[in-house]
Amino acid sequence: MAVSGVLAALLLCLTGTWGRYDPTWPSLDTRPLPGWYDEAKLGIFIHWGIFSVPSYNNEWFWYQWKGSKVKNVVQYMDDNFRPDFTYADFAPGFTTEFFDPAEWADIIQASGAKYVVLTSKHHEGFTNWPSKYSFNWNSMDNGPNRDLVGELGAAIRNNTTVRFGLYHSLFEWFHPLFLSDKASRFKTNKFVASKTMPELFEIVQRYKPEVVWSDGDWEAPDSYWNSTHFLAWLYNDSPVKDTVVTNDRWGAGIKCKHGDFYTCRDRYNPGKLQNHKFENAMTIDARSWGFRREAKLSDYLSIQKLLQTLVETVSCGGNMLMNVGPTKYGKIAPIFEERLRQMGEWLKLNGNAIYATRPWTHQNDTVNKYIWYTSSKSATGLDVFAIYIRDITTANITLGAPIPTAQTQVLLMGNNKLLSWTHGATGGMVINISDIPFYEVKSQWAYAFRLTHLEN
């Protein structure tokens with residue numbers, strides 16, 4: 001090891017951190033990923049704002065009305081509101097009268113998630129905290145008259161073991177200063193200097209989020225957003241410098257190239273092992289991040305589909321950030337709550353196959369497309385978890401990838417009962433499910449088998 005490497009390792013041992021980071025991507029990219037994030041595997045995303053008042057189409061409602069002029073959105077406004085109605089007129093309807101932060105905290109804890117990311121500000125510019133940099137367009141001055149970020153953050157920290165994070169949009173669709181900077185082809189940065197950066201410093205110093213989830217970056221380069229300088233401060237001097245993680249949305253062309261974890265695109269589920277930590281940010285409502293009053297039952301992903309997505313994502317080295325959209329009156333709708341609690345029920349039985357696991361040699365099985373693998377070290381060596389992502393309808397399940405030995409054992413998670421197995425006709429192994437009567441199987445929707453003492 002070079003002398004510089006020895007000194008860096010010594011610094012890590014003495015202080016628990018690496019050295020200071022320069023405001024450049026080559027320097028920022030050397031920061032190790034805080035271990036808690038890789039072990040967490042599951043987070044909850046919450047999209048909530050003024051768009052929750054019309055709660056129609058999706059969270060881009062304002063832009064679809066006044067920007068891209070989506071036909072059904074324009075028609076909806078023409079049919080239901082007076083001609084001089086403005087988007088700001090929706091703000092008094094963001095009442096949140098039934099918002100109980102402790103109730104939300106209980107639902108999030110019950111989901112089995114290890115972190116939560118709340119929208120502090122979406123592209124509409126309305127801040128869910130009393131920002132000094134968003135006069136009269138914030139949740140204390142307008143609408144709820146509450147500090148929504150502060151209330152949920154306190155409830156999460158006081159009542160759960162979940163880590164608290166915040167989403168923040170760098171740009172705002174219709175802010176005059178942003179539009180002015182855009183007109184100059186981003187040769188000026190009045191919006192960043194007076195709005196974006198002050199807000200980011202404000203939420204980090206006030207609420208100490210352990211996830212800073214950036215968005216709204218794509219129209220301008222990272223140099224316009226001053227992203228690397230903010231991140232250098234975040235990693236060097238902020239109150240969360242040792243534990244915070246950030247994503248990859250810090251300027252045009254940055255996604256999937258720089259950041260503690262990559263999101264690459266919404267609902268990113270690559271299906272194969274990745275060489276950098278990634279996050280699959282996805283929605284329970286397949287058509288929207290925000291709450292929609294016109295949603296159909298078929299628009300909501302089933303718990304089977306959600307578990308399939310979680311297992312595939314974790315098998316390939318990622319985390320899943322599962323989104324819910326609360327109502328304007330502050331409730332997590334029953335269908336969202338049901339999905340979250342179902343996820344938690346499954347993780348109570350099968351969490352050892354998900355939390356703190358690592359990708360195995362194989363992700364998807366070689367002969368059984370419904371089997372995905374994770375692994376973890378144990379006192380007896382390496383445990384491999386084969387997770388079957390459909391209902392069990394046969395007496396046997398065939399696995400092609402594992403090479404068993406005479407000492408190999410197969411245990412059904414949840415029941416913690418050993419199952420018999422045989423060698424496959426052309427390799428692999430066949431697990432005998434009929435060793436346990438179907439009515440005794442405790443797990444639902446997906447089934448995890450722990451395999452020990454494999455040859456590979």
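Visitor: Which residues touch the most other members of the largest nonpolar core?
Guide: In this predicted model, I46, F230, L234, M322 and M343 do, out of the 105 residues in that core.

Visitor: And where does the largest share of this core come from?
Guide: Helix α9, residues 190-207, which gives seven residues.

Visitor: Okay, what does M322 touch?
Guide: Leaving out residues up to four places away in sequence, M322 touches L42, G43, I44, F45, M282, I284, L306, L340 and M343.

Visitor: What lies apart from that core?
Guide: Another core, of 21 residues, and I397, I431, I436 and Y447 are among them.

Visitor: Switching topic: how many salt bridges does a search of the whole structure find?
Guide: It finds 26. One of them joins the side chains of E210 and R163, at 2.6 Å from N to O.

Visitor: Where do E210 and R163 sit in the chain?
Guide: In distant parts, 47 residues apart. E210 is in the loop between α9 and β4, while R163 is in strand β3.

Visitor: Is E210 buried or exposed?
Guide: Buried, because its relative accessible area is 15%, under the 20% cut-off. R163 has 27%, so R163 counts as partly exposed.

Visitor: Which residues are linked in a network of salt bridges?
Guide: D285, R287, R292, E294 and D299. In the R292 and E294 bridge, the closest N and O atoms are 3.5 Å apart.

Notes. Residues are numbered from 1 along each chain as its sequence is written. This is a predicted model: local features need pLDDT of at least 70, side-chain atom pairs count only at pLDDT 80 or more; totals for chains, interfaces and linings use all residues. Side-chain values use heavy atoms; hydrogens and water are left out. A nonpolar core is a set of buried Ala, Val, Leu, Ile, Met, Phe, Trp, Tyr and Cys residues joined through side-chain atoms within 4.5 Å. Buried means under 20% relative accessible area, exposed over 50%, partly exposed in between (1.4 Å probe, protein chains only). Helices (H or I, at least four residues) and strands (E, at least two) are DSSP runs, numbered from the N terminus. Contact means heavy atoms within 4.5 Å. A salt bridge is a side-chain nitrogen of Lys or Arg within 4 Å of a carboxyl oxygen of Asp or Glu.
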